[in-house]
Amino acid sequence: MTTALADGWVMTGRYLRHVVREPEQIILYFSLPIMFTLVFGYVFGSGMAVGGVSYREFLLPGVFVMTQLYGLGATATAISLDINRGVVDRFRSMPTARSALMVGRSTADLVRALIEMAVLLTCGVLVGWQAHRGIGMALAAIGLILLLRLALTWVGMYLGSVVPNPDTVSLIVFPLAFPLTALSNVFVAPEQMPAWLGAISQWNPISATVAAARELFGNPGLGSDAWPAENAILLAVVWPLALIAIFAPLAVRRYRLLGK
Amino acid sequence: MGPATARAAGREHRRLTVVHQGGQRFVRGWSADGGKLGGMTETAIVAEGLRKTYKGVAALDGFGLSVPAGTVCGLLGPNGAGKTTAVRILATLLRFDAGRVEVAGADVSRQPELVRDRIALTGQYSAVDGSLSGRQNLVLFGRLQHLGRRAAKERAEELLEQFDLTGVADRSATEYSGGMQRRLDLAASLIRAPQVLFLDEPTTGLDPRSRNQVWDTVRKLVADGTTVLLTTQYLDEADHLADRISVVDTGRVVAEGTPDELKARIGADRLEVVIRDQGRLAETAALLSRVAGAPADADPDTRRLRVAVTDRVDALVESARALRDAGIAVDDLGIRRPTLDEAFLRLTGHRADEKELTGHRADDDTIVNGEIR
């Protein structure tokens, strides 16, 4: 067990070194959320107001969550590369704990997510966004966002172990992630969508975390009285746990199947 | 036990190995402590009746192998013969359907952790982390093999030095040339001095200089007592490195022996003569047949004649004298041993696709995600 933890920690260090050695990827990675903040916040923000309050205040929690969703692509690509380049074979032929790869990747992803959150929160404050309910509630919101990231990391690790070619990962992740954000409460209220789309949007795990974050940050929400919106914090805990319960065993199973 | 003793034990065991017909091998001479001799096994690799099926297709079908400790065994065969599948099973990467495998004194299915502790694998592709530097890679693999932080760093420095990578130690591995990547890959396999090293086509796609470096490294390792299982589709590689060669075809070993034994099984040496004047081909053929006491073949296009000989030196001297006495101008004259290409044809009954057996291609039979691609 101690060996497994030690191996997992070494693997965490490995993935974090990737961040240090390839800072250009981080810059590219941040271009999307920063662009969304600026474009939606300033270009549309003046013309779009939700319940008479600042659209930017409304938008930022959504951008925070959306960034975590796109982080799934980096996870899937890294795992797929490791498998395809034979690095995983090397790990598997060594006395390294079998859990090290996934434990290491998910821990490293959480550290990455923390750095990303720090950058995003700073950007948010710079464009006039604020958390209004104190540090405790803000930390709770960040905690829920990171919990979602952990779940998405397992989805990403599963995707990376299923997709045969690392190049196809990005082709899959965008078509997967984009509708998930569009069909959520990140940009518009589900009530404004056609009924069936609105229902999907209400129950979308992304919407749950976004609504919970808005509530905990004290940012304007949608004021919806639908059940998922009323119980956003509960769903923001349940959804990620459910995703982990589904995708962690699937990913571990795929890893085991490499030996079939 | 030092390397020299280990090697002696390996040699001793070579005499105890009994090889039966049809690729089935039985190893005699296991000592009372289960094949171990002071921590070192006498027979480093034993595989018996290995069977592995992918989606109804047999990748291995009764594969058997026995490699004495401290020797190099070459697995030679064309793409899809089952070489890579066999290596992946021996290296604990792949489960198998039937058979028995022991590597470095441990059962691969029952004690895979023990096996992993004693082996190293270098695959067809450089299995290093391209985003990390060479140094970081070696430290990482050292740490994942449970060396302490400082020990891993020290070992990395030693290996960088040994593999001539110190100058590029801090560059990302993706920026390395093919030869450098392969050297880094090999260095990563040697962090903890494995008892058994698996090399799956270690020189595929390498230039001759890098290839020679890999060969030198393998020779040094074996001199220090490491057992090496090498798969290759290059005949000269098996010829140069391997103490014994197992020829693999359609998932089983179809022939086994030293390179010389395999060549000898193909038949006699041949005298080959190339004459200058095509018009004297028939006359020369008659002359060579008389000297060698066997019928000679003649190829008018290349003006080349071949005849099987038994005594190499006599045949050479006497045919040279006879040709000179007859006044036949000779462009080339020599004794040729059969090539392993010819050996392969004879042993398997079909020609290994030329492209596969001698061409230097990078994409080979690879198994990714447990599927043959």
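## A walk through chains A and B

Start by colouring chain B by secondary structure: you will find 13 helices and 20 strands. Keep in mind as you go that this is a predicted model. With chain B still selected, switch to a view of burial; 47% of its 373 residues count as buried. How far apart in sequence are the residues that touch one another here? Among contacts in chain B between residues at least 6 apart in sequence, 68% link residues at least 24 apart.

**Stop one: a sheet in chain B**

Together they make an open sheet of four strands, in the order 16-17-15-18, with antiparallel pairing. Which strands stand at the edges? They are strand 16 (296-299) and strand 18 (330-336) of chain B; each has a single partner strand, so one side of each is left without a neighbour in the sheet. Turn the view to look along the sheet, and you can follow a twist that averages 15 degrees from one strand to the next.

Now zoom in on strand 16 and strand 17 (residues 304-309) of chain B. These two run antiparallel and are joined by four bridges. To find your place in the pair, pick B:Ala296, which stands opposite B:Val307 in strand 17 of chain B.

**Stop two: where the chains meet**

Zoom out and show both chains. Here 27 residues of chain A are in contact with 28 residues of chain B. On the chain A side, the elements that give two or more residues are helix 1 (2-21), helix 3 (55-84) and helix 4 (87-92). Colouring the chain A side by residue class shows 10 nonpolar, seven polar and 10 charged residues.

**Stop three: a residue in chain A**

Finally, centre on A:Ala251, which sits in helix 11 (residues 232-257) of chain A. Is A:Ala251 buried or exposed? The cut-off for a buried residue is 20 or more other C-beta atoms within 10 Å, and A:Ala251 has 26, so it counts as buried.

Show its neighbours next: leaving aside residues up to four places away in sequence, A:Ala251 touches A:Met102, A:Trp154, A:Met157, A:Tyr158 and A:Ser161.

Note on methods. Residues are numbered from 1 along each chain as its sequence is written. Chains are lettered from A and ligands numbered from 1 in the order in which they are written. This is a predicted model: local features need pLDDT of at least 70, side-chain atom pairs count only at pLDDT 80 or more; totals for chains, interfaces and linings use all residues. Two residues are in contact if their C-beta atoms, placed from the backbone, lie within 7 Å. Ala, Val, Leu, Ile, Met, Phe, Trp, Tyr, Cys and Pro count as nonpolar, Asp, Glu, Lys and Arg as charged, and the others, Gly among them, as polar. Two strands pair if DSSP finds at least two bridges between them. Axes are lines fitted to C-alpha atoms, for helices over the stretch in contact, and angles run from 0 to 180 degrees between N-to-C directions. A residue is buried if 20 or more other C-beta atoms lie within 10 Å of its own, exposed if 12 or fewer, and partly exposed in between; C-beta atoms are placed from the backbone.
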